[in-house]
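Take a look at the model first, then read on.

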Amino acid sequence: MLIMKVLFITSTRLGDAILSTGLLEHLHQEHPKARVTVVCGPLPKSIFEGFPNVETIIPLKKEKHHAHWVKLWKRVAGTKWDQVIDLRNSAVSRLIRAKQRHIFGPHIDQSRHKVEQAAKVMGLHHIPEPTLYFTPEQQAFADALMPDGKTVIGIGPSANWIGKTWPPENFIEVIQWMTSSAGPFPDACVAVFAAPGEEAQAKPVLESVPKDRQVDGIAKGNPAEVAACLARCNFYVGNDSGLMHAAAAARVPTVGVFGPSYPHLYAPFGAHTAYA
């Protein structure tokens, strides 16, 4: 029996890559024996490692004069693909052999949420929600970091742009209310997450929590390991970032805090999410 081969070209950015995972889940449900090759940036690579239908991951690092696309074409041109799904609108997807091509382009309404845009690329009538799977190693990382059997609030107080960053004192105030006797999660543990280089934004928030309830996820783990930790949280609140999308994709009740960014495009997606 012939195995369906799919080339899936997605974003170099963590948040956008996570928002595209609903398409992989759709493929998994519709074609459970299909084997998918994912092309993404080096940062989100780990996010795709746990997917049961992903056979190969090609981390595409940008190079001068678009040399990275040439290298990719050389690597994938020898395969006859059953489907190509290209969210980057690259020339590669047009220059290889494929029975079906689903390519992002000007026909997509770019005023809609990114998840809705991805669904339209494949011509879907429903909108598959972003979804994450984790490897045993990623789950083991979460086992080691997260407290077992306790209520945990996840906090993401950092972002890659200062304009998207809510002041630490605001997060501290929210945590104090949420974990108070009158709050929704009295005496809950608080897990604070941030990427390397964002420690200054996150440490004051962590240090505001009593030591016996602190969970230090600052500058620890790769994106999928952190996402596996987020999946253990009972609630998550954080800035507009890849962490926010990871929490939402892990089906954790999620509130995203937005500044002068684009919630109509990047709000956390799903009925279990909200933004402010």
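Which residue in S4 does Phe8 stand opposite? Phe8 stands opposite Ile85. Keep in mind that this is a predicted model.

**The sheet.** Strand S1 (residues 5-9) pairs with strand S4 (residues 81-86) in the parallel sense, over four bridges. Both belong to an open sheet of five strands. The order is S3-S2-S1-S4-S5, and the pairing is parallel. Strand S3 (54-59) and strand S5 (98-103) are the edge strands, each pairing on one side only. On average, neighbouring strands of this sheet are turned by 15 degrees against each other, direction ignored.

| Pocket | Volume | Lining residues |
|---|---|---|
| Largest | about 660 Å³ | 36 residues |

Leu14, Asn160, Ser241, Gly242 and Leu243 lie nearest the centre of the largest pocket. Its lining has 20 nonpolar, 10 polar and six charged residues. Helix H1 (14-19) and strand S7 (189-194) are among the elements that supply at least two residues each.

H4 has the largest share, with three residues. By class, the lining holds five nonpolar, six polar and five charged residues.

**The cysteines.** The count of disulfides is zero. Cys189 is buried, at 7% relative accessible area. The closest cysteine sulfur to that of Cys189 is in Cys233, 10 Å away, so the two are too far apart for a bond. Cys40 is also buried, at 1%.

Conventions:
Residues numbered from 1 in each chain as written. Predicted model: local features only at pLDDT ≥ 70, side-chain atom pairs only at ≥ 80, totals over all residues. Heavy atoms only, no water. Disulfide = S-S within 2.5 Å. Buried < 20%, exposed > 50% of the residue type's maximum accessible area, 1.4 Å probe, protein only. Pairing = 2+ DSSP bridges. Axes fitted to C-alpha atoms, helices over the stretch in contact; angles between N-to-C directions. 1 Å grid on protein atoms, 1.4 Å probe; cavity = no way out; pocket = protein on both sides within 12 Å on 5 of 7 lines; lining within 4 Å. Points joined across faces, edges and corners; volume = space filled by probe spheres on them. Nonpolar A, V, L, I, M, F, W, Y, C, P; charged D, E, K, R; others polar.
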